[in-house]
Amino acid sequence: MDITNRTVFIAGGTSGIGLGMARRFAAAGGTVIVGGRRPTPLDGLSVVEIDVTDAGSVRRARDSVLESYPGLELVVTMSGIQLTEDLRDPEHFTTAETTVQTNLLGTIRVLDAFTPHLLTRGAGTFVTVSSGIGFLPFPLMATYAATKAGVHAYTEALRAQLAGTGVEVAELVPPAVATTPEHKRLNPRALDLDDYLDEVFALLGQDPTPDEILVQGVLQHRWAERDGTYADLVAQRSQALKTLPGR
């Protein structure tokens with residue numbers, strides 16, 4: 001992928017990894033539009049309002065972006081939430097519904113909204129965002145893991161269905177990334193955001209672009225089952241369940 005001078009829309013790009021990517025694309029000469037539920041002005045970036053749980057909001061954001069930037073060529077589906085759940089408590093179902101609506105259905109809504117545009121152009125790229133947790137579950141975040149596994153499977157299907165159209169599909173698979181000092185305090189092993197983005201943009205710039213953007217820090221998650229470490233790693237990650245009330 002040529003990462004310079006691209007016209008990019010990042011749904012969920014007003015904070016965290018999405019904002020970091022937006023700034024990298026802008027620094028490479030790109031025109032970058034970021035979307036968020038409560039958009040605030042960001043230097044050098046255009047901002048639109050989008051709630052990926054609301055089909056009408058997604059359509060309005062698409063129409064606004066394409067009206068102003070008809071040459072849009074790259075769409076990143078970054079929106080997501082990461083919530084803990086106690087599966088012994090039936091009240092967790094509300095959290096599960098919210099997570100599915102945002103992470104999985106929200107991704108599909110954004111892809112559906114922009115697919116006709118990229119197909120008409122006969123060129124362009126989708127970048128979806130799954131997670132290392134989609135391959136190596138973190139039991140404290142059960143539905144989050146399920147939705148990210150779903151994003152991976154959906155991305156594979158989308159790539160197959162768009163083969164030959166000129167539209168490429170890549171999947172970003174982040175490990176834990178510290179996007180704030182508080183994140184780093186809570187998880188000292190999380191990658192620093194700038195270090196993570198250095199690896200990501202080096203991989204995006206490869207020819208051909210890898211189907212999966214896998215930095216070194218996520219390889220143990222992605223290949224745990226193949227490497228025979230899956231059961232031990234899930235057991236280690238299950239220790240976090242002790243933080244739930246009554247455990």
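Strand S5 is mostly covered, with six of its six residues buried. Keep in mind that this is a predicted model.

Which way do the S5 side chains point? Gly124, Phe126 and Thr128 point one way from the strand. Thr125, Val127 and Val129 point the other way. Both sets are buried.

Now the neighbours of S5. On the list is strand S4, residues 74–77. S4 and S5 pair in the parallel sense, over four bridges.

Next, strand S6. How many bridges join S5, residues 124–129, to S6? Six, and again the sense is parallel. Here Gly124 stands opposite Val167 in S6. S6 covers residues 167–172, and five of those six residues are buried, so the strand is largely enclosed by the rest of the structure.

Let's move to a helix.

His221 lies in helix H7, residues 219–222. Is His221 buried or exposed? It is buried: its relative accessible area is 10%, and the cut-off for buried is under 20%. What does His221 touch, leaving aside neighbours within four places in sequence? The contacts are Gly132, Phe135, Leu136 and Arg237. Then take Arg247. It is 26 residues from His221 along the chain, and their C-alpha atoms are separated by 26 Å.

Now zoom out to the whole chain. There are nine helices and nine strands. The C-alpha atoms fill a box of roughly 55 × 35 × 35 Å along the principal axes. What about the radius of gyration? It is 18 Å. A compact globule of 247 residues would have a value near 18 Å, so the two agree.

Burial first. Buried residues make up 48% of the 247. Contacts next. Take those between residues at least 6 apart in sequence: 64% of them join residues at least 24 apart.

Then the surface. The accessible surface comes to about 12,000 Å². Carbon and sulfur atoms account for 51% of that.

Last, charge. The chain has 21 positive and 29 negative charges. How far apart are their mean positions? They are 4 Å apart.

To recap: S5 pairs in parallel with S4 and with S6, and its six residues are buried. His221 in H7 is buried too. That's the tour.

How values were computed:
Residues are numbered from 1 along each chain as its sequence is written. This is a predicted model: local features need pLDDT of at least 70, side-chain atom pairs count only at pLDDT 80 or more; totals for chains, interfaces and linings use all residues. Side-chain values use heavy atoms; hydrogens and water are left out. Helices (H or I, at least four residues) and strands (E, at least two) are DSSP runs, numbered from the N terminus. The radius of gyration is taken over C-alpha atoms; the globule rule is 2.2 Å times the number of residues to the power 0.38. Buried means under 20% relative accessible area, exposed over 50%, partly exposed in between (1.4 Å probe, protein chains only). Contact means heavy atoms within 4.5 Å. Accessible areas come from the Shrake-Rupley method with a 1.4 Å probe; for residues, only the protein chains shown count as cover. Lys and Arg count as positive and Asp and Glu as negative; His and the chain ends are not counted. The place of a charge is taken as NZ of Lys, CZ of Arg, CG of Asp or CD of Glu. Two strands pair if DSSP finds at least two bridges between them.
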